[in-house]
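Here is a walk through a two-chain model, with the sequence and the structure alongside. Keep the viewer open as you read.

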Amino acid sequence: MGLLKKVFWLAVACLGAFGLGLIASARGEPLNALWLVAAAACLYALGYRFYSRFVAYRVLGLDSRRATPAERLEDGRDYIPTHKWVLFGHHFAAIAGPGPLVGPILAAQFGYLPGTLWIVIGGLLGGCVQDFVTLFASVRRDGRSLTQMAKSEISEFGGWTVLFAVVAIMVILIAVVALVVVNALKASPWGLFTIAVILPVALLLGVYLRYLRPGRVLEASILGFALVMVAVISGRYVAESPHWAPYFTCGSATLAWIIIVYGFIASVLPVWLLLAPRDYLATFIKLGTIGILAVGILLAHPPMLMPALTRFTDGTGPIFAGKVFPFCFITIACGAISGFHSLIASGTTPKLISNEADARVIGYGGMMMESFVAVMAMVAATVLRPGVYFAINSPAGVVGAEAGRATATISGWGFPVTGAEMADLAHRVGEITLFNRTGGAPSLAVGMAQIFSHTLGMSGLEAIWYHFAIMFEALFILTVLDAGTRVGRFILQDLLGRVYRPLGRTSSYPSIMVASALMVAAWGYFLLEGVRDPLGGINSLWPLFGIANQLLATIALCVATTILLKMGKQRYLAVTLVPLAWLVAVTMTASYQKVWSPEPRLGFLAHAHLLQDQLANQLAAGGVTAARAHDIGRLMFNDRLDATVTLVLAALVVMILTESVRNWLLYAWGRKQPVLSEAPAVLSRLGLTSDKGQVASGE
Amino acid sequence: MIKTIFRTLWRFLLDVAGENDYRRYRARTLARGETPLAPAAFYLASLEQKYSRPNRCC
């Protein structure tokens with residue numbers, strides 16, 4: 001490295017350290033968000049330049065002379081050598097979902113510091129490494145999936161655990177993100193109208209792409225975007241119309257049922273008709289909006305009004321219960337480390353890589369980009385006044401459903417907010433109320449609307465920006481919901497087919513209907529549970545999702561560690577073992593507390609006991625109706641169900657870890673021969689004719 | 001200069017959107033001496049393949 005480069009990287013390190021020091025030590029005066037963005041950007045640059053290069057060439061030994069599966073097995077369908085930036089775009093669009101937006105918003109209840117540090121450090125040392133190593137391992141194994149690698153590298157049991165974890169994650173994930181949409185659209189005729197219009201637009205695009213211009217995705221997406229913007233703008237007139245507004249004003253339970261029906265329809269309809277065109281639309285809007293948000297933050301450089309640390313690090317937070325450790329690290333999964341990414345990194349992407357060295361920018365760089373999105377979400381949440389943030393995100397069961405009581409409670413915590421201020425804000429963004437809008441989406445939309453309206457010089461258009469942001473988040477979430485339901489349906493059909501062969505036929509309508517109904521019933525149950533939960537649903541469902549997601553990350557890191565051992569890279573095992581140890585500590589602590597904590601807001605069983613006592617007291621006093629007793633009974637059942645799911649997930653973590661450690665010890669003691677199941681190395685022909693970048697040495 | 005940038009950007013967008021997939025598939029299939037699918041059939045087969053495994057994350 002030349003002197004000039006050394007000076008440059010030293011300057012980046014100094015700026016990053018200074019920014020980090022500033023955000024960590026800021027007390028009292030609000031800190032400008034640019035410091036947070038600058039510190040994160042410097043750390044990402046350093047992480048990519050030095051750590052990812054170390055992992056790429058010292059640990060994994062990337063070799064661009066070695067032909068990738070895309071080159072060796074090229075068939076024009078599954079295996080296609082693809083330009084690295086095109087593949088980067090595909091990979092990023094696949095891994096970036098609502099998680100990195102919602103998680104940081106919720107974790108902002110601890111203040112901006114814990115979440116930001118976890119997003120950046122956890123991302124660079126954990127999430128990026130997991131994605132990168134999984135992608136590398138899959139490329140070296142002809143694009144095998146995580147399930148197949150877990151089977152071949154750990155054991156048959158490992159493969160089954162992955163399959164179970166995937167279904168569990170999908171069920172809980174879809175339920176929790178559907179709950180976020182419900183809370184964003186309840187009593188919001190403007191928002192619901194916009195989303196309702198997107199569905200016929202998607203159907204129109206589906207027909208266009210199928211019959212009129214097959215595969216012309218870009219022009220169809222531009223047409224779709226124009227129609228969606230018309231819907232966003234005209235939503236105001238629907239919301240203000242005394243005739244139309246009631247049709248689009250729904251409560252939580254109604255919305256939940258609408259979403260359940262949508263999930264079923266999207267799963268059983270041909271994929272070209274609804275799911276794919278809606279996904280195209282979502283992908284372009286998602287990437288565009290993230291870009292606009294980054295520019296908006298740079299131009300607006302707003303002050304962060306949320307303190308670095310709030311009083312809720314002690315576990316008494318209104319949005320979700322639990323101390324900063326472990327719950328900050330469970331709440332922010334996708335922005336820092338997400339097990340689900342390992343499915344993408346071992347799915348389509350490894351079959352498209354044309355050069356093994358590209359795995360670094362796609363695997364490590366793609367996750368780094370997602371982590372940066374999470375930092376931007378954190379900024380969008382913390383530029384709100386803390387009182388406003390808590391008023392939007394706190395459930396009625398904690399702060400009260402009535403505005404006066406809620407503002408008094410929140411102001412009593414030291415975060416002043418008034419009913420008039422909230423009413424004015426709701427009016428400015430075109431909503432009836434912003435109280436108790438849990439789930440993170442409305443507060444993110446308010447934050448984004450403030451940033452957009454201040455930077456783009458259109459302060460009068462705050463309401464349109466707010467609903468644009470809601471539409472953007474809902475599109476993100478619908479993608480997870482319908483694509484997840486469909487994939488879950490395929491997995492279920494595969495499993496059911498082993499029991500009764502006709503149920504495994506993916507083109508048979510009875511089989512499609514049965515598997516779709518089972519999948520939708522599973523996540524629909526949890527969604528309805530969340531809607532009925534007096535604590536808002538997010539308090540119980542989001543940690544469950546975090547635990548399930550980190551279970552998959554644990555499996556991915558166990559597979560990665562096993563592969564490193566088999567490669568003879570014992571010196572570098574810390575690269576995967578440190579994030580693995582951290583994840584196990586976080587997952588197990590969170591699981592224990594969610595099940596057995598004596599605090600009813602935190603522990604599922606303690607909450608069930610509390611309800612049981614309340615019911616017994618009310619029955620003794622004779623002041624309880626049969627309907628109320630039934631409701632309490634259902635809440636108690638839900639608590640026990642959540643505790644059981646948590647225990648099963650935790651048990652799977654223990655089992656997969658035990659199985660992996662047993663294998664590692666057998667290799668170490670020489671009682672089992674480590675056999676690397678890589679595809680044979682073949683010299684790349686592409687490498688002889690084009691610039692293929694670095695070779696194994698890395699330089 | 002600006003024209004070249006826009007042309008490159010447009011080509012990149014077409015690639016990311018998958019609009020060149022069929023052209024590539026057709027060229028490769030013909031090179032192998034096989035009969036390629038029609039554009040609409042290729043589009044449908046690609047979608048079935050893409051949306052039958054985890055392809056959208058949380």
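Predicted model: local features only at pLDDT ≥ 70, side-chain atom pairs only at ≥ 80, totals over all residues.

## Overall build

Chain A has 699 residues and a radius of gyration of 25 Å, which agrees with the value near 27 Å that a compact globule would have. That radius is taken over C-alpha atoms, and the globule rule is 2.2 Å times the number of residues to the power 0.38. The C-alpha trace of chain A spans about 75 × 65 × 60 Å along its principal axes. Chain A holds 27 helices and 2 strands; helices (H or I, at least four residues) and strands (E, at least two) are DSSP runs, numbered from the N terminus.

Chain B has 3 helices and 0 strands, running α-α-α from the N terminus on. Its radius of gyration is 15 Å, well over the 10 Å that the globule rule gives for 58 residues, so chain B is more spread out than a compact globule. Along the principal axes, the C-alpha atoms of chain B fill a box of roughly 40 × 40 × 15 Å.

Residues are numbered from 1 along each chain as its sequence is written, with chains lettered from A and ligands numbered from 1 in the order in which they are written.

The predictor gives the complex an ipTM of 0.90 and a pTM of 0.93. pLDDT is the predictor's confidence in each residue, from 0 to 100. Chain A has a mean pLDDT of 91, with 98% of its residues at 70 or more; chain B averages 87, with 100% of the residues scoring at least 70. Within chain A, confidence is highest in H6(A), at 97, and lowest in helix H27 (residues 686-689), at a mean of 58. Go carefully at residues 688-699 of chain A, where pLDDT stays under 50 and the model has 22 contacts beyond four places in sequence. Two residues are in contact if their C-beta atoms, placed from the backbone, lie within 7 Å.

## Where the chains meet

The contact takes 40 residues from chain A and 27 residues from chain B. On the chain B side, helix H1 (2-17), helix H2 (21-31) and helix H3 (39-50) are the elements that give two or more residues.

By class, that side of chain B has 16 nonpolar, 4 polar and 7 charged residues. Here Ala, Val, Leu, Ile, Met, Phe, Trp, Tyr, Cys and Pro count as nonpolar, Asp, Glu, Lys and Arg as charged, and the others, Gly among them, as polar.

Two packed helices are described by the angle between their axes and the distance between the axes. Axes are lines fitted to C-alpha atoms, for helices over the stretch in contact, and angles run from 0 to 180 degrees between N-to-C directions. Helix H8 (residues 156-185) of chain A and helix H22 (residues 509-532) of chain A have axes that come within 8 Å and cross at roughly 45°. That makes H8(A) oblique to H22(A); angles under 35 degrees count as roughly parallel, over 145 as roughly antiparallel, 65 to 115 as roughly perpendicular and the rest as oblique. The crossing of H8(A) and H22(A) is right-handed: a crossing is left-handed if the near helix is turned anticlockwise from the far one by less than a right angle, and right-handed if clockwise. Residues in this contact include Ala175(A) of H8(A) and Trp523(A) of H22(A), and the classes come to 12 nonpolar, 1 polar and no charged.

With helix H21 (residues 462-499) of chain A, the axis of H8(A) comes within 9 Å and crosses at roughly 150°. That makes H8(A) roughly antiparallel to H21(A), and the crossing is left-handed. Among the residues making the contact are Val177(A) of H8(A) and Glu473(A) of H21(A); by class there are 18 nonpolar, 3 polar and 1 charged.

## Two backbone details

A cis peptide bond joins Phe325(A) and Pro326(A), with omega about 5°. Pro326(A) lies in helix H13 (residues 324-331) of chain A.

Asp142(A) is not a glycine, yet has a positive phi of about 60°. Look for Asp142(A) in the loop between helix H6 (112-139) and helix H7 (146-153) of chain A.
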